Amino acid sequence: MTDEPLLRVSALSKFYGSRVGCDNVSFDLWPGEVLAVVGESGSGKTTLLNCLSTRLLPSSGTASYRMRDGQFRELYRMSEAERRFLMRTDWGFVHQNPADGLRMTVSAGANVGERLMAVGDRHYGKIRATAVDWLSRVEIEEDRIDDEPRAFSGGMRQRLQIARNLVTGPRLVFMDEPTGGLDVSVQARLLDLLRGLVTDLGLAAIVVTHDLAVARLLSQRMMVMKDGRVVESGLTDRVLDDPRAPYTQLLVSSILQV
Amino acid sequence: MTDIATYNFAYLDEQTKRMIRRAILKGIAIPGYQVPFASREMPMPYGWGTGGVQVTASIIGPDDVLKVIDQGADDTTNAVSIRAFFKKVANVAVTTDTATATIIQTRHRIPEHPLTAGQVLVFQVPIPEPLRFLEPRETETRKMHALEEYGLMHVKLYEDIAKHGRIATTYAYPVKVEGRYVMDPSPTPKFDNPKMHRSPALQLFGAGREKRIYAVPPFTDVVSLDFEDHPFEVQTFDQPCALCAAENVYLDEVILDDHGGHMFVCSDTDHCEKRRADGHRGHLAPDTHPASENMEPAQ
Amino acid sequence: MPTPLVVSDVAKSFTMHLRDGIKLPVVAGVSFSIKAGECTVLGGPSGAGKSSILKMLYGNYAVDEGQIIVKHEDGLVDLAHASPRTVLAIRRQTIGYVSQFLRTVPRVSALDVVAEPLVERGEEREAARGKARALLARLNLPEKLWALPPATFSGGEQQRVNIARGFITGHPILLLDEPTASLDATNRDVVIELIAAKKAAGVALLGIFHDHEVREAVADRVIDVTAFAPGKLAA
């Protein structure tokens, strides 16, 4: 356990003209912590995620990230080259739709290997061996390594996307509805896999989801957003078992019991 | 000059030529970088060398000697037409001899005869962006060049090895120029890639439809991309040219009849003819030449 | 005897925003402490707030007022106002909890469910599994179930997995929310033995036991929760 957070977010706001994307969001994220951001569509959670992952520039506020050398860097003052480098080495981004995060027309092996090649790996045999290893870790058979993701099921594609993101050993992974659009049984398998990987690798993650069960299973901490603002935050089980804000109570009471 | 009075010298107007020369100079200053330019409509279809023709038209002067080859040959339609075009609109001397040419416009080959300082090789380029087939967004590929993010290029080579057990790309084989920009050498066979490396000649690339010009100045490093365990290698041929017996040159397959008869001959017609004139004979060379008396032509 | 946990003047209520914001007071003025090597039992009828108190002590329920001082890593921490990160550290190192029901995770085997708290505390997975096997055997959970996810287990089987998960670590404070509710006599006795062993090891236990026999067997002290009824404090 380090005494310093990995990411410090302070008064982050994003406005689309006069419309609010997210408003005055602040939090710290420590290594190995999984933070769930929940809220219904339009609550600003995806805007927040995109700002944090520097895919979008905020209107105001700061976010600083502790680099591997231990120094904090202000994300929005980095050059685009530095940000993109961070994005493909120390960070991961798991999209809801795997097609947004994969190259659908190159093989599974190349999808996993791309990040390695991007950071200068030039040994085909080693790249392939690493790809095989990662495919097995996300439960994809080795004999599918030369198949294109187009030939994969939704769940497999999502697992491939995860492998592609984790191959460089990132410390922070952003996930946007990682189980959205999957069958319940496929969802459970993916969640379990994610949970195991996050624990084993000590990843920090920010998971945007509207599914409280996903938040309960994956995260230790939770932020509830409504109309761009954080209405409640705290330990995930505390927020879900003792929701205090009116909106959180509404969300929790809306869960269907099986 | 009276017969070309209706045309400007070398067809293009002076403003256009100056615009293209600026693009060329920028390209030379940033080796391998694709410079956008305002490509003009030319009196020929796209794909027939409109980019190369505009580059040639912008650099050619009355004292230049022009050679035009199409896949190594001086005598195919495209080469003959472009040569005739410049003869008409610039009234310049034309040749098929690589050594005496000052400007060589080429479609998909580099001559076998080593180029020398002072010569300019103008490539016709269909698709200048080496990253295009993997990344369709131009905004993204430009960013990748700017930030030197070339992992994707190796993804393509990786796919080759995964599918074929080796790098199966045989033409338009990507190169890195002066340790910086990854460049498409146009669809030349990878056999010609080593000739680009530290060439004494200036190499200019024009893509008319895609509106891009790029350049490799003389004596610039041009390195073919590869993997440590799958190093770059050129094609080899297990037989010499059937006409001139040349080895270590790029050969074309020529079909002889309807019964599967074929032969491999030099793709560089000028090189082949010169060798035959010097008395070299391949096993299928016609024996009309005096030096071929003791050669047994195959049936 | 050292005092690892002191509760002073804690109050808790629920505000039901979906029902016109009515406020349901649960407890008020909760003050007590527990001692190492002792098992303290919360007594009182259902609805008196026993479970709520345990949940506040575990950080699972928010606290309206008061302090919960915990001895954590050579210092004292007020759990009622601690950051989520501190609460997590306290749960990992200092306060263990056996809930009434097991919350299962798809596809994780009973053995790993039990071993997990040890792994989180930095123990080797195989060593942790070894201890988990021993504990599950002691609680008479059939070995053929160990490799299966507990979701489909019977209530009693799930409860034993839950107990093993709570008892496997050396947390200095252990909270027990009716751990014997759905157990047969044999396993109830095993739990009583386990509690005795914890006491001998200097663990401070705080529990809710509706079962008279068990309560008699383990309790050193009973705190009557009705004393903390919000009564006139209610809004």
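Since the model is predicted, local features need pLDDT of at least 70 and side-chain atom pairs count only at pLDDT 80 or more, while totals for chains, interfaces and linings use all residues. Residues are numbered from 1 along each chain as its sequence is written, chains are lettered from A and ligands numbered from 1 in the order in which they are written, and side-chain values use heavy atoms, with hydrogens and water left out.

**View 1. How the chains meet.** Chains B and C do not touch: their nearest C-alpha atoms sit 34 Å apart.

**View 2. The contact between chains A and C.** Chain A brings 28 residues to this contact and chain C brings 25. Together the two chains bury about 2200 Å²; buried area here is the accessible area (1.4 Å probe) that two parts lose on being put together, summed over both. Carbon and sulfur atoms account for 52% of that area. There are seven salt bridges between chain A and chain C, a salt bridge being a side-chain nitrogen of Lys or Arg within 4 Å of a carboxyl oxygen of Asp or Glu. Have a look at C:Lys12 and A:Asp242, which pair up in a salt bridge with their closest N and O atoms 2.4 Å apart.

**View 3. The contact between chains B and A.** Here chain B puts in 20 residues and chain A 21. The area buried between them is about 1900 Å², with 57% from carbon and sulfur atoms. The count of salt bridges between chain B and chain A is five. In this view B:Glu135 meets A:Arg103 in a salt bridge, 3.4 Å from N to O.

**View 4. The second largest pocket.** This pocket has a volume of about 1100 Å³. A pocket, on a 1 Å grid over the protein atoms alone, is an open set of points with protein on both sides within 12 Å along at least five of seven lines, and lining residues have an atom within 4 Å of a point. Grid points are joined across faces, edges and corners, and the volume is the space filled by probe spheres set on the points. Its lining runs to 32 residues, and A:Arg55, A:Arg84, A:Met87, B:Arg137 and B:Glu140 lie nearest the centre. Elements giving two or more residues to the lining include α2 (80–89) and α4 (108–118) of chain A, along with α4 (138–146) and α5 (151–164) of chain B. Helices (H or I, at least four residues) and strands (E, at least two) are DSSP runs, numbered from the N terminus. The most comes from α2(A), with five residues. Sorted by class, the lining has 10 nonpolar, seven polar and 15 charged residues; Ala, Val, Leu, Ile, Met, Phe, Trp, Tyr, Cys and Pro count as nonpolar, Asp, Glu, Lys and Arg as charged, and the others, Gly among them, as polar.

View 5. The structure holds one cavity of 30 Å³ or more, and the largest cavity has a volume of about 30 Å³. A cavity is a set of grid points where a 1.4 Å probe fits but cannot get out. A:Val94, A:Ile162, A:Leu166, A:Val173, A:Met175, A:Leu194 and A:Leu203 line it. By class that makes seven nonpolar residues, no polar and no charged ones. Both α6 (154–166) and β7 (172–176) of chain A supply at least two of the lining residues.

**View 6. A salt bridge between two strands of chain B.** B:Asp70 and B:Arg107 form a salt bridge, with the closest N and O atoms 2.5 Å apart. The pair links distant parts of the chain, 37 residues apart: B:Asp70 is in strand β2 (residues 65–70) and B:Arg107 in strand β4 (residues 103–107). B:Asp70 counts as buried at 10% relative accessibility, whereas B:Arg107 is partly exposed at 21%. Buried means under 20% relative accessible area, exposed over 50%, and partly exposed in between (1.4 Å probe, protein chains only).

**View 7. A salt bridge in chain C.** C:Lys199 and C:Asp220 meet in a salt bridge, 3.2 Å from N to O. This pair also links distant parts of its chain, with C:Lys199 in helix α6 (residues 185–200) and C:Asp220 in the loop between α7 (212–218) and β9 (221–224). C:Lys199 is buried at 17% relative accessible area, and C:Asp220 is partly exposed at 42%.

Note on methods:
Contact = heavy atoms within 4.5 Å.
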